[in-house]
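Today I am opening my notebook on a structure that is new to me.

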Amino acid sequence: FFLSAFIGAMLGLQNLQHATALTLTFHGVVAQPLFPWETTQAHLRGLVGQLKSSGFVALSPSRFPQWRESKITGTRFFLLTFDDGLKSSAEMMRILKREEGIDSAIFVVTDFIGKEGYLSENDLRELASDGFLIGLHGKRHLDVTMIPGTRETLAQELADARKHLETITNKPVEWYAFPFGEFNAAAKSSVAMAGLKMAFTVEPQENIRDSDPYQLPRIMYLKGAKEAGEPVIEDWIPPPNVKTGWLHL
């Protein structure tokens, strides 16, 4: 009994230590991609299918903080996010929720709201009321490390944009995604000063539970990344029969 309990405890500890969450980000989801960052609904569905076949479990944005606090057991999770606030992304999010039961998050540039191809205020209200997480992607979609001024200047701009988005959605806005994935220590400080609780980059790494909340990595879909030697989503989803020692990947 004691040996079994010890082994169980050790395996549980190992699961907690090795638990990871792949946070993925996509941009345009269109019928005919014209840019490297765009993909199709069929391709994104295929990636989700591969993740599930490889033992990954979808993690909703609402449960991500619980996962970080080790309140959710398991070792392989994935979280879907979409940047820029495009209508095509919202359509894909609804399809994934309806057909796969997967919730996701979308990061919005407030200056883009209502422009052609981007979500309107009414679209955002509907998404928020349907349980999707609405995050901030900045006011102007600028590289925050290049915005002139002080940390307080950027913090005020982000705070104003966050307030604007909260007024539209009637929901708290606590997540932020750095435009172009660019950040530095001052930018991270500004995000915190603006009242945002988490900030995401596009560093192609997996999340671990104690990742810096203002430097959370995401793997961004980008056509041609593999050929350029960059990490891609498929690097984390080998075939189900692949093994390393006694661990099934």
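**Notes on salt bridges**

I began with Arg 45, which is partly exposed at a relative accessible area of 33%. My terms here: buried is under 20% relative accessible area, exposed is over 50%, and partly exposed is in between, using a 1.4 Å probe and protein chains only.

A word on the source: this is a predicted model, where local features need pLDDT of at least 70, side-chain atom pairs count only at pLDDT 80 or more, and totals for chains, interfaces and linings use all residues. Residues are numbered from 1 along each chain as its sequence is written, and side-chain values use heavy atoms, leaving out hydrogens and water.

I then looked up salt bridges (a side-chain nitrogen of Lys or Arg within 4 Å of a carboxyl oxygen of Asp or Glu). I found 14 salt bridges by this rule.

Which residue does Arg 45 meet in a salt bridge? I found Glu 99, with 2.9 Å from N to O. The two are 54 residues apart, with Arg 45 in helix H2 (residues 41-53) and Glu 99 in helix H4 (residues 87-100). Helices are DSSP runs of H or I with at least four residues, and strands are E runs of at least two, numbered from the N terminus. Glu 99 is partly exposed too, at 48% relative accessibility.

Next I checked Arg 140, whose side chain forms a salt bridge with that of Glu 157 at 2.8 Å, N to O. Arg 140 sits in the loop between strand S5 (133-136) and helix H6 (151-169), while Glu 157 is in helix H6, 17 residues apart. I noted Arg 140 as partly exposed at 36%, but Glu 157 as buried at 17%.
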